[in-house]
Amino acid sequence: MTDAKPFSWEYRPGTTTRETFHITGGKPLAGSVRVSGAKNSALKLMAAATLTGERVSLENVPGLLDIDVLSETLNDLGVQISRPAPGRLDLHAANVDWLFVPLEAAAKMRASFMLLGPLLARFGQVIISNPGGDRIGRRPVNLHVDAMRALGAEIDYRDGYYFAKSPGRLIGARITFPQVTVMGTENAMLAAVLARGTTIIQPAAQEPEVDDLIALLNKMGAQVARTAPDVIEVQGVASLSGATHQVIPDRIEAGTFAAAAAVIGGDVAIRGVEPTHMGAFLALMTQLGVEHHIEPDPEDATRKTLRVVGLAPGAGDYQPAEVRTAPYPGLPTDIQPPAGLMLTRANGASMIHETIFEDRLEWLSGLRAFGAQVEVLDPRTARVTGPTRFSPGEAEIPDLRAGATLVLAALAAPGSSQIHGAHHVRRGYATIEEKFRGLGADMTHVSEEAG
Ligand code: UD1
């Protein structure tokens, strides 16, 4: 098992296809776009469906590669999955007969590790690959494992796999994380809902996706409450039932389209958003001086429209600002690249401080290909000096969020650009080229034979 070649999106056995966005930029955006359901919520809701033998129906599930990857993994475990309507995913985990999540699944997507808590809690055992196999480091899962141990699980680690078991039901406990962790909090909740007794998680992550998971779990019969902003209390129950739930809007996708309007210029109505989930990002736009308005959503009374009126290049500049990421309610690290891109349109020097991950400023080097002035001062700090007049270029996408941001830079650059590695973007942005085309952008997605 240790010899298995780690899966990477670059390594595609049997194919030499590479996916490229061809973009002719420099046109202001106009029109409206509807955001999809949140990827980082949908994946955890899918994991929650394994907690019951009854059917869980999810609505507003985004059409993303990551959702397909987790569907396949669940399917291999014996979960029946169907898509009876667009955006709807029905999961039925009545016959889970395979409690093994292989490296091939885990390495493709870190969120596969979300199956640890629910499978352990419901079936008393699971063997699950470390996401990334033996390459422990950059994004460890130690906090997830410690949380399961606190609940009474026995966990051994051998050859890149966690062998987890619980002789009887898990036992409620106090879980104290040394730092805030989103998926760690979620995995702990997914295990604690079926434990005997009370579990208290502190500090618990405050991201809206965590609350979306709490909402589904409670519909399934769990007893989970956020008793303080950073405290979650779970009263374990013996079993859970089926439920129907609608995934919250993707605040990162919404922010990406808002940044697009700010950077490229134009007037864009971003529909189906939940502005209360976007406070730090909206505050940043205010600080930069990007005109934006919260308006009703004409099709959905429960949601809003975020309208962003961006300055056309040459029509003025924004104010310099500081982009500093932090756990929710701070500015999300996932929005750091699009937020950082907005700084290129500010007159003067702005700073980016990435406080969550060490490797999230790499996208800035790709941005230089489009004429931006950026200096990475250390792995967590960068200076962006504007205003930039974007020029067309060619770049290779290193990861999901960076990829979307390079697309934005290309859309801002008058002329023809190519962005390779488009599959990264499809992991997190549903039909991104169609959505940008709907806003008047000239963008196509081509699969090419490489070499
Ligand atoms: C989730 C999101 C990701 C987002 C991140 C931070 C999903 C599928 N992914 O990732 O898009 O960027 O939150 O908002 O929801 N850490 C440890 N040990 C652990 C777990 C985490 O040291 O066991 C560290 C991480 O290396 C990082 C910090 O804790 O420095 C926060 O990471 P965490 O909140 O756990 O991120 P994820 O839940 O993996």
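**Cavity, burial and contacts in a predicted model**

The largest cavity has a volume of about 30 Å³. This is a predicted model, in which local features need pLDDT of at least 70 and side-chain atom pairs count only at pLDDT 80 or more, while totals for chains, interfaces and linings use all residues. Residues are numbered from 1 along each chain as its sequence is written, and side-chain values use heavy atoms, with hydrogens and water left out.

Q: What makes a space a cavity, and how many of 30 Å³ or more does the search find?
A: On a 1 Å grid over the protein atoms alone, a cavity is a set of points where a 1.4 Å probe fits but cannot get out. Points are joined across faces, edges and corners, and the volume is the space filled by probe spheres set on them. The search of the whole structure finds one such cavity.

Q: Which residues line the largest cavity?
A: Lining residues have an atom within 4 Å of a point. They are D359, R360, L361, E362, W363, P398, D399 and A402.

Q: Why is T405 called buried?
A: Buried means under 20% relative accessible area, exposed over 50%, and partly exposed in between (1.4 Å probe, protein chains only). T405 has a relative accessible area of 0%, so T405 is buried. Leaving aside neighbours within four places in sequence, T405 is in contact (heavy atoms within 4.5 Å) with P337, P338, L341 and W363.

Q: Why is T198 called partly exposed?
A: The relative accessibility of T198 is 34%, and therefore T198 counts as partly exposed. T198 is found in strand β11, residues 198-202; a strand is a DSSP run (E, at least two residues), a helix likewise (H or I, at least four), and both are numbered from the N terminus.

Q: What makes the pairing of T198 and Q235 a polar contact?
A: A polar contact is a pair of N or O atoms within 3.5 Å; within protein, one must be able to donate a hydrogen and the other to accept it, and residues adjacent in sequence count only if both atoms are side-chain atoms. The side chains of T198 and Q235 are joined at 2.8 Å.

Q: Is R303 buried or exposed?
A: R303 has a relative accessible area of 16%, and is therefore buried. The side chains of R303 and E274 are joined by a polar contact of 2.9 Å.

Q: How many residues of helix α8 are buried?
A: In α8, 14 of the 14 residues are buried, and the helix is mostly covered.

Key. On a 1 Å grid over the protein atoms alone, a cavity is a set of points where a 1.4 Å probe fits but cannot get out, and a pocket is an open set with protein on both sides within 12 Å along at least five of seven lines; lining residues have an atom within 4 Å of a point.
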